[in-house]
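Please view the sequence and structure before reading on.

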Amino acid sequence: MSIQQTDVLYTAVATAENGRGGRVATDDGRLDVVVDPPKEMGGSGSGTNPEQLFAAGYSACFQGALGVVARQEKADISGSTVTAKVGIGRNADGFGLIVEIAATLPNLDATTARALLEKAHQVCPYSKATRGNISVTLA
C-alpha cells in the first residue's frame, strides 16, 4: 500500500552526475562517492556502483525489519547480520536486477530463523518496493 506525501517522515535526496561513470552525492554531504561500472560491465571498477549502493540500503533496511519482527516474536537476533547480493543482467527490456537476502542468526534454530526472515520480508520497505518487480530470494 502506498503512503501519501503527508505520511512522509524523512526524504533522502541524492543527485547523480554522469550516470554510472560519475559521482553521486546526498544533499547533506554525508554520502559523496565516485560511481563507475564494475569491470564485469566494462568499467574500471575504481568506484562504487548503483548495485552496491542498492545492496547496502536493502541489507540495512532488511536488518531493521528483522529487528521489528524479532521484538514482536521475542526472538534473540543479537549478533545477526544481513547480506544482500544484487545482480544485474540483461533481460527482454534491456537490464534487470535480481536479489538474494541472506541472514546469519546465530541464536536461533533454522526453523525460527526462516520464519523471521519471511516475516521481515513482508514488512521491509525495500521488499515491498521490489515485490512483483524483481526476483528476491531469501537464503
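## Strands

Valine 24 stands opposite valine 33 in strand 3. The model is predicted, so local features need pLDDT of at least 70 and side-chain atom pairs count only at pLDDT 80 or more, while totals for chains, interfaces and linings use all residues. Residues are numbered from 1 along each chain as its sequence is written, and side-chain values use heavy atoms, with hydrogens and water left out.

Strand 2 pairs with strand 3 (residues 32-35) in the antiparallel sense over four bridges; pairing requires at least two DSSP bridges between the strands. Strands (E, at least two residues) and helices (H or I, at least four) are DSSP runs numbered from the N terminus. The hairpin of strand 2 and strand 3 has five residues between the strands, and glycine 29 there takes a positive phi near 80°.

Strand 1 (residues 14-17) and strand 2 (residues 22-26) are also antiparallel, with four bridges. Valine 24 in strand 2 stands opposite alanine 16.

## Cysteines

The structure has zero disulfides, a disulfide being a pair of cysteine sulfur atoms within 2.5 Å. The sulfur of cysteine 61 has its closest cysteine sulfur in cysteine 124, at 3.6 Å, which is too far for a bond. Cysteine 124 is buried, with a relative accessible area of 0%; buried means under 20%, exposed over 50% and partly exposed in between (1.4 Å probe, protein chains only).
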